[in-house]
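Here's a quick briefing to read with the picture open. Take a look at the sequence and structure first, then work through the points.

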There are 2 protein chains.
Amino acid sequence: MTDRDWRCEDPEQQLVWASATSEALRVLEGKWKIVIIIQLFAAKKPLRFSELERRVDGVNQKMLIQQLRQLEKDGIVTRMVYPQVPPKVEYTLTEMGIALGPSLEALIDWAFMRREALGH
Amino acid sequence: MTDRDWRCEDPEQQLVWASATSEALRVLEGKWKIVIIIQLFAAKKPLRFSELERRVDGVNQKMLIQQLRQLEKDGIVTRMVYPQVPPKVEYTLTEMGIALGPSLEALIDWAFMRREALGH
DNA sequence: TGCAATACCCACCAGAAGGTAAGTATGACG
DNA sequence: CGTCATACTTACCTTCTGGTGGGTATTGCA
């Protein structure tokens, strides 16, 4: 475990924290990734492409695939192909995807706090 | 406090969590925002425009202002203008900006975990 | 024969985001 | 009068992201 006091004075360390966080955020960026991840979290089981398509409201096939591929590349989801016809492909969260839980929870908390503070 | 178990089965709730998180992320998105926020956190004091320009490596004036204005609009930073010549403008984190702390920490933790897992 | 089901791929387009280089406003100071 | 410092603003260009509407491959089944 590294020292995590990113409010420290060391400018070098600040650069490290900043770049680490930017990197982490890049994995979550894009219009659909969070929604996909939360759907996979909520389902608690592998989801087929078509199931995701149904659950992620408003997404189209190209976008869904694109984001899934990026999430796969980033180690957040696993793609499992069943060689049958018609095709069947299942997506699951990896361990690293599951490990995102606390961050997402913290973000959710902040979002709701903010909502209340802004009076919505 | 609302129920925060976003891994629940209720599809309606999932939509709420998903949209809340997307909203929160939108506030942090953009190439420079995280770096700006972390610099303000680390400084523990108001920073002038030119100080930020120096601390946020690689940013140009237009981008820095643009992102600062968005952060201001989103209630993350405060812009304080001193009416003097040459001009002096200071930027501070709002309460809501400071409240981002735990989320950022969780993201940093995850980012470092991921780094180790990927063997960097 | 030909259609259905599933998970894609491709060409193309529009708008948003990011970036560069120059200009502006102000008043103190020499 | 001209220069300096600071915090912007503007015009313009390039790149990235999101989106639409088509097409494809495979095999079972009517």
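What follows covers a sheet with its helices, then the contacts with a DNA strand.

This is a predicted model, so to speak of local features takes pLDDT of at least 70 and side-chain atom pairs count only at pLDDT 80 or more, while totals for chains, interfaces and linings use all residues. Residues are numbered from 1 along each chain as written, chains are lettered from A and ligands numbered from 1 in written order, and side-chain values use heavy atoms, leaving out hydrogens and water.

**The sheet in chain B**
- Three strands make an open, antiparallel sheet in the order E1-E3-E2 (chain B); strands are DSSP runs of E with at least two residues, helices runs of H or I with at least four, and pairing takes at least two bridges.
- At the edges sit E1 (47-48) and E2 (77-82) of chain B, each pairing on one side only.
- E2(B) and E3 (residues 88-93) of chain B share six bridges, and Val81(B) stands opposite Val89(B) in E3(B).
- Helix H2 (residues 33-43) of chain B packs on the sheet, touching E1, E2 and E3 of chain B; contact means heavy atoms within 4.5 Å.

**Around DNA strand D**
- Lys31(A), Lys62(A), Gln61(B), Ile65(B) and Arg79(B) come nearest of the 21 residues around DNA strand D, where "near" means a heavy atom within 4 Å.
- H4(B) gives the most to this surface, with four residues.
- A polar side-chain atom of Lys62(A) lies 2.2 Å from a base oxygen of DNA strand D, and one of Arg69(B) lies 3.0 Å from a phosphate oxygen.

Terms used:
Axes are lines fitted to C-alpha atoms, for helices over the stretch in contact, and angles run from 0 to 180 degrees between N-to-C directions. A polar contact is a pair of N or O atoms within 3.5 Å; within protein, one must be able to donate a hydrogen and the other to accept it, and residues adjacent in sequence count only if both atoms are side-chain atoms.
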